[in-house]
Amino acid sequence: MDEQKNEITVYDTINTLSKKIGIDDGNDKTIIEVELTDKPEIKSLNLKSGSWEGKEPWFVIDEKNKIHAMVSIDTLAKMVENLKNLGRENFELRLEKTIWKNLPVDFGDVWVVAMDEVKKMAKKSENAQAIKVDIEKLVENIKHTHPSLFVDLKGIYNNMTYHEIR
């Protein structure tokens, strides 16, 4: 009875995970179970549902009822590429927001300078794919190094006379 209850729980978990990652609730999910054999170095794979030609990911239930997902190398490569693109887009959106927050005279000019600085950091880094950039500090350094790229509100305010303010 406990084994049947565990099996139901595992399948419920797989269905919940499937919904979370956008796989339809059909019964075409490939579910494979790993079973022990007489030889410890050999395990048996048993198809529980779906087919060996089924859509990815395949769900694998190991001998400890832990659920794994199996995908092809092509799919894994696409996932990694998509994550890299997502990270780049996230970085670019945060950089854009920070640049605008600092009142650029010409957004494009500040963007070019910022990207040049990021490229310099990447060249210096051993792992150019995983450099950490403090965007606030980056834009602040650009503002300090190239003040003409930003509107100086304090300077404008300080140059106004009392009559101009009223």
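Trainee: Let's start with lysine 43. Is it buried, partly exposed or exposed?

Mentor: Lysine 43 is partly exposed, because its relative accessible area is 42%. Keep in mind that this is a predicted model.

Trainee: Okay, and which side chain does lysine 43 meet in a salt bridge?

Mentor: That would be glutamate 63, with 2.9 Å from N to O. Glutamate 63 sits in the loop between β3 and β4 while lysine 43 belongs to strand β2, so the bridge ties together parts that are 20 residues apart in sequence.

Trainee: What about glutamate 63, buried or exposed or partly exposed?

Mentor: Glutamate 63 comes out at 34% relative accessibility, so it counts as partly exposed.

Trainee: How many salt bridges are there?

Mentor: The count comes to five salt bridges. One of them joins the side chains of arginine 88 and glutamate 92, at 3.5 Å from N to O.

Trainee: Where do arginine 88 and glutamate 92 lie?

Mentor: Both lie in helix α2, four residues apart, and that's about one turn of the helix. Arginine 88 has 40% relative accessibility, so it counts as partly exposed.

Trainee: Why does lysine 101 count as exposed?

Mentor: Its relative accessibility is 52%, and the cut-off for exposed is over 50%, so lysine 101 makes it.

Trainee: Switching topic: rings. How many aromatic pairs are there?

Mentor: The count is three aromatic pairs. In one of them, the rings of tryptophan 52 and tryptophan 58 have centres 5.9 Å apart and planes at 65°, so we call the pair edge-to-face.

Trainee: Why those two values, the distance and the angle?

Mentor: A pair of aromatic rings is described by the distance of the centres and the angle of the planes. For the two tryptophans, planes over 60 degrees apart count as edge-to-face, so 65° qualifies.

Trainee: And is tryptophan 58 buried or exposed?

Mentor: Tryptophan 58 is at 16% relative accessibility, so it counts as buried. Tryptophan 52 is at 40%, so that one counts as partly exposed.

Trainee: What kind of pair do tryptophan 100 and phenylalanine 107 make?

Mentor: Their ring centres are 4.8 Å apart and their planes are at 10°, so the pair is stacked. Tryptophan 100 is partly exposed, because its relative accessible area is 47%. Ring pairs also link Trp100, Phe107 and Trp111 into a cluster.

Trainee: Which residue lies over the face of phenylalanine 150?

Mentor: Lysine 143 does, at 5.9 Å from the ring centre.

Trainee: Now the surface. Which residues make the nonpolar patch?

Mentor: Val71, Ile73, Leu76, Met79 and Val80 make a nonpolar surface patch of about 430 Å². Valine 71 is found in the loop between β4 (67-70) and α2 (73-101). It has 32% relative accessibility, so it counts as partly exposed.

Trainee: And lysine 55, where is that one?

Mentor: Lysine 55 is in the loop between β2 (43-49) and β3 (58-61). At 54% relative accessibility, it counts as exposed. Leaving aside residues up to four places away in sequence, lysine 55 touches Asp24, Asp28 and Thr30.

Trainee: How far apart are the C-alpha atoms of lysine 55 and valine 71?

Mentor: They are separated by 9.2 Å, with the two residues 16 residues apart along the chain.

Trainee: Last bit, the whole chain. How many helices and strands are there?

Mentor: Six helices and four strands. Along the sequence, the pattern is α-β-β-β-β-α-α-α-α-α.

Trainee: What share of the residues counts as buried?

Mentor: It's 22% of the 166 residues. The accessible surface comes to about 12900 Å², and carbon and sulfur atoms hold 54% of that.

How values were computed: Residues numbered from 1 in each chain as written. Predicted model: local features only at pLDDT ≥ 70, side-chain atom pairs only at ≥ 80, totals over all residues. Heavy atoms only, no water. Phe/Tyr/Trp six-rings, centres within 6.5 Å; stacked < 30°, edge-to-face > 60°. Buried < 20%, exposed > 50% of the residue type's maximum accessible area, 1.4 Å probe, protein only. Lys NZ or Arg CZ within 6 Å of the ring centre and 35° of its normal. Patch = residues over 30% accessible without salt bridge, like charges linked within 9 Å, V, L, I, M, F, W, Y side chains within 5 Å. Areas by Shrake-Rupley, 256 points an atom, 1.4 Å probe, with all protein chains shown as cover. Salt bridge = Lys/Arg side-chain N within 4 Å of Asp/Glu carboxyl O. Helix = DSSP H or I, 4+ residues; strand = E, 2+ residues; numbered from the N terminus. Contact = heavy atoms within 4.5 Å.
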